[in-house]
Amino acid sequence: MSSLAGKRLVIFGCGYVGTALARAALAAGAKVEALTRNPAKAAALRRTGLAQVVVADLASPDWHGQIAGGADFAVNCVSSGGPDTYRQTYVGGMASILAWAARSAAPVGTLVYTSSTSVYPQGGGATVVETDSTDGTTPSGAIIRESEILLQSAPPAVVRRHFILRLAGIYGPERHRLLDRLRAGSSQLGGAGDHRLNLAHRDDTVTGILACLGAPAAIGSEIFNVADSAPAPRTEVVRWLAKKLGRPMPAFDGSLAARRGGAPMPDRIISNAKIRRVLGWRPLYPDYRVGFGNILSP
Ligand SMILES: NC(=O)c1ccc[n+]([C@@H]2O[C@H](COP(=O)([O-])OP(=O)(O)OC[C@H]3O[C@@H](n4cnc5c(N)ncnc54)[C@H](OP(=O)(O)O)[C@@H]3O)[C@@H](O)[C@H]2O)c1
C-alpha cells in the first residue's frame, strides 16, 4: 500500500465517517482539507490540525475557487438529511465535485465515493456481489446509483481513478440506535426481525477508504461492497444485545421501514469478498458480536 504521508486529501462531508477519516488520515501524515456546511464543525476540525476547512454547500459552485484542484486524493462522503435533499446531495454534490475537478489542469488522483448498498434491489436471502444488477432498486437507491454513474463517466483528465464503496449500515461508537432503544427499555421495536442486518463498523469503513487511497497504481477504478463478514438476522442481534444488557427481548411491530421508502428491508448477504481479495482489506469488527462487544466494553 502506498503511503498517505505528505499527500493532499480533500474530504467532502464531515459527518460520522468523514470526521473519523480526517483523524485517521492526519495520523497517517496526510495534508487534510475538508468542506462542511457547519461553521462550528469547521472550527473543531481546524483545531485537530486540518490544513484547510471551507464552509460551503457542496452542491453550489461557491467553494470551487477556494479549494485547489489536482488533489492526490478526494473522498465524497456527504449524506442526505432526508428525502427532500436526496437528489441535490448525491447527484448535485457529485456533479459539483466533478465540475471543481475539471477546473484544474491536473486531475484528482484517486476519488473515493461512499455509496450505499441501497443501490441493490436484491432480497430473498441472496448473496449480493458488485456485479449484480441495480435495476429495480428503490427510488432513493436509484438516485445514489445516478451519482455513481456520474463518477463512472468522469474522464481520466478529471479523475484519474475512482473507487465506489457501497457501504452497509454504519454503526460504531455513539452510533448504535438498536442498542439505544434497548437501553431505553423499549418493549417494541419498529420493523421486522427476520431479515439479516448488513453492518459496517465506522472504523472498518475508514480502513476501507484508506485501502482505496493507498491502492497500488496497478489497481484501476473499482466498485467494492463494504460490510462485515457475518450478517445475522435482526432477531438474533437484538436477542444478543438484550441478553448483554439484562433486558427482556422486545417484540417487533412489523411496520415497514421508512429507510426503504416504505418497502420491507430485504433479507440478503452483502458480500465483502471482493474488497478482501483485491485490496487485502480485513474488518476489525467481522461480526456484530465483536462490534457491539467493543461498544459495550471499549
Ligand atoms: N449511515 C449509514 O448507515 C450509511 C449506509 C450506507 C452508506 N452511507 C454513506 O456513507 C457516507 C457517510 O455517512 P455518515 O454516516 O458519515 O453520514 P453523516 O454522519 O450523516 O454525515 C454526512 C455529512 O454530510 C454533510 N453534508 C450533507 N449535505 C451536504 C452538503 N450539501 N454540503 C456539504 N456537506 C454536506 C453533512 O455535513 P454538515 O454538518 O457539514 O452539513 C453531514 O455531516 C455517506 O456518503 C452516506 O451516504 C451511510
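**Reading a predicted model: values set against definitions**

Student: What makes the radius of gyration of the protein agree with that of a compact globule?

Tutor: For 298 residues, a compact globule would have a radius of gyration near 19 Å, and the protein has 19 Å, so the two agree. The model is a predicted one. Along the principal axes, its C-alpha atoms fill a box of roughly 60 × 40 × 40 Å.

Student: How many helices and strands does the protein have, and what share of its residues is buried?

Tutor: The protein has nine helices and 15 strands. Of its 298 residues, 40% are buried. Among contacts between residues at least 6 apart in sequence, 77% join residues at least 24 apart.

Student: Why does G123 count as partly exposed?

Tutor: A buried residue requires 20 or more other C-beta atoms within 10 Å, and an exposed one has 12 or fewer. G123 has 14 C-beta neighbours inside 10 Å, and therefore counts as partly exposed.

Student: Where is G123 found, and which residues is G123 in contact with, leaving aside its neighbours within four places in sequence?

Tutor: G123 belongs to the loop between β5 (108-116) and β6 (126-128). With those sequence neighbours left aside, G123 is in contact with P266, D267 and R268. The C-alpha atoms of G123 and M94 are 28 Å apart, the two residues being 29 residues apart along the chain.

Student: Which residues of helix α9 are buried, and how do you know on which side of α9 they lie?

Tutor: In α9, residues 288-296, the buried residues are Y288, G291 and F292. They cover an arc of only 85 degrees around the axis, which puts them on the same side of α9.

Student: Which residues are closest to the ligand, and which elements give two or more residues to the shell around it?

Tutor: The ligand is surrounded by 24 residues, of which G15, V17, T36, L58 and S79 are the closest. Two or more residues of the shell come from each of α1 (16-27), β2 (31-36), α3 (86-103), β5 and β8. The largest share, three residues, is that of α1.

Methods: Residues are numbered from 1 along each chain as its sequence is written. This is a predicted model: local features need pLDDT of at least 70, side-chain atom pairs count only at pLDDT 80 or more; totals for chains, interfaces and linings use all residues. Helices (H or I, at least four residues) and strands (E, at least two) are DSSP runs, numbered from the N terminus. The arc is that of the directions from the helix axis to the C-beta atoms. The radius of gyration is taken over C-alpha atoms; the globule rule is 2.2 Å times the number of residues to the power 0.38. Two residues are in contact if their C-beta atoms, placed from the backbone, lie within 7 Å. A residue is near a molecule or strand if its C-beta atom, placed from the backbone, lies within 6 Å of it.
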